[in-house]
Amino acid sequence: LVLAVLSGMCVLEMHITIGCSYKKLLVIPAFLIAVTAPFLANFMTFGTLLSIVAIYLVYCLFTMVLSNGEITAENACVSYATTAFIALSFASIVLMRNLEPAGYVLYIMVFVGGWMCDVSAYFSGVLFGKHKLIPKISPKKTVEGAIGGVVGSVVSILVFAFLAANIKKVIPFFPIDVVLEPNYPMLALAGVGIAIVSQFGDLTASAIKRCYNVKDYGWIFPG
């Protein structure tokens, strides 16, 4: 339920940013897809969800053609791309959580890696940042900050995996049996991947803001 609400709010925020909040033929279906995607992920495979998203693309194109100029090609394409990205992202979280035997551990691990990437990137940038990463998109981000984010993500995931695998030894009365045999080299690679995706997503959001001359997302989510 929480993921569905967040997904819907993100889509609404994005449509406000791109100036399509009043175009109900785009906003209402986009919101419905975003809200239902996390629920559908409990019953469908990722491939099936992709098929639904493909059908939604056809709907956006038909809407553009039949709107008599009210909905432009840019409106339809950006609405589709952002809705698909957000809905599939939240659905993927549910799919990961449902993996056996330790999907819930992976589910938490992704959040830990993403959060620590952001925190590490920020402090690395403040302390060591000298070389701008992509100044036209995000003037404050630096190469040093990006590298620090990758390191922070990798370290946090390795520490989290170690603690999760040994939590019964540390806390014998822990209520959940965690069945996990960490493959640390693969987890390190996963940490790098999470950091790259996290920072790329942040830069993508910044690029969209720049395209529409919006300083911050702030109608629903501040910043």
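Predicted model: local features only at pLDDT ≥ 70, side-chain atom pairs only at ≥ 80, totals over all residues.
Residues are numbered from 1 along each chain as its sequence is written, and side-chain values use heavy atoms, with hydrogens and water left out.

The protein contains eight helices and two strands. Helices (H or I, at least four residues) and strands (E, at least two) are DSSP runs, numbered from the N terminus. Along the sequence, the elements follow the pattern α-α-α-α-α-β-β-α-α-α. Of the 223 residues in the protein, 37% are buried; buried means under 20% relative accessible area, exposed over 50%, and partly exposed in between (1.4 Å probe, protein chains only). Contact means heavy atoms within 4.5 Å. Among contacts between residues at least 6 apart in sequence, 68% join residues at least 24 apart.

The expected span of a helix is 1.5 Å times one less than its number of residues. The buried residues of H2 are Leu-26, Val-27, Pro-29, Ala-30, Ile-33, Ala-34, Ala-37 and Pro-38. They are covered by elements including H1, H3 and H4. Ser-7, in helix H1, is buried, with a relative accessible area of 0%. Beyond its neighbours within four places in sequence, Ser-7 is in contact with Ala-34, Val-35, Pro-38, Ile-86, Ala-87 and Phe-90.

Phe-46 belongs to helix H3 and is partly exposed, with a relative accessible area of 35%. Leaving aside neighbours within four places in sequence, Phe-46 is in contact with Leu-88, Ser-92 and Leu-95. Phe-46 and Leu-95 are 49 residues apart in sequence, yet their C-alpha atoms are 7.8 Å apart in space.

In soluble globular proteins, nonpolar side chains tend to be buried together. A nonpolar core is a set of buried Ala, Val, Leu, Ile, Met, Phe, Trp, Tyr and Cys residues joined through side-chain atoms within 4.5 Å. The largest nonpolar core here has 27 residues, and those with the most contacts inside it are Tyr-56, Cys-60 and Tyr-80. The largest share, 10 residues, comes from H4. Cys-60 touches Leu-26, Ala-76 and Tyr-80, not counting residues up to four places away in sequence. A second, separate core has nine residues, among them Val-105, Ile-157, Ala-164 and Leu-187.

H5 has 26 residues and reaches 36 Å from its first C-alpha to its last, close to the 38 Å expected at 1.5 Å a residue. Its buried residues include Gly-103, Val-105, Met-109, Val-112, Gly-113, Gly-114 and Cys-117. The buried residues of H5 pack against H4, E2, H6 and H8. Ser-153, found in helix H6, is buried, with a relative accessible area of 0%. Ser-153 touches Gly-113, Cys-117, Gly-191, Ile-194 and Ala-195, not counting residues up to four places away in sequence. Ala-146 also lies in helix H6 and is buried, with a relative accessible area of 14%. Apart from neighbours within four places in sequence, Ala-146 is in contact with Leu-133 and Gln-199. The C-alpha atoms of Ala-146 and Lys-132, 14 residues apart along the chain, are separated by 10.0 Å.

The largest pocket has a volume of about 1,900 Å³. Of the 46 residues that line this pocket, Asp-118, Val-197, Ser-198, Gly-201 and Asp-202 are the closest to its centre. Elements that give two or more residues to the lining are H1 (2-17), H4 (73-97), H5 (103-128), E2 (138-142), H6 (143-165) and H8 (184-211). On a 1 Å grid over the protein atoms alone, a cavity is a set of points where a 1.4 Å probe fits but cannot get out, and a pocket is an open set with protein on both sides within 12 Å along at least five of seven lines; lining residues have an atom within 4 Å of a point. Grid points are joined across faces, edges and corners, and a volume is the space filled by probe spheres set on the points. By class, the lining has 28 nonpolar, 13 polar and five charged residues. Ala, Val, Leu, Ile, Met, Phe, Trp, Tyr, Cys and Pro count as nonpolar, Asp, Glu, Lys and Arg as charged, and the others, Gly among them, as polar.
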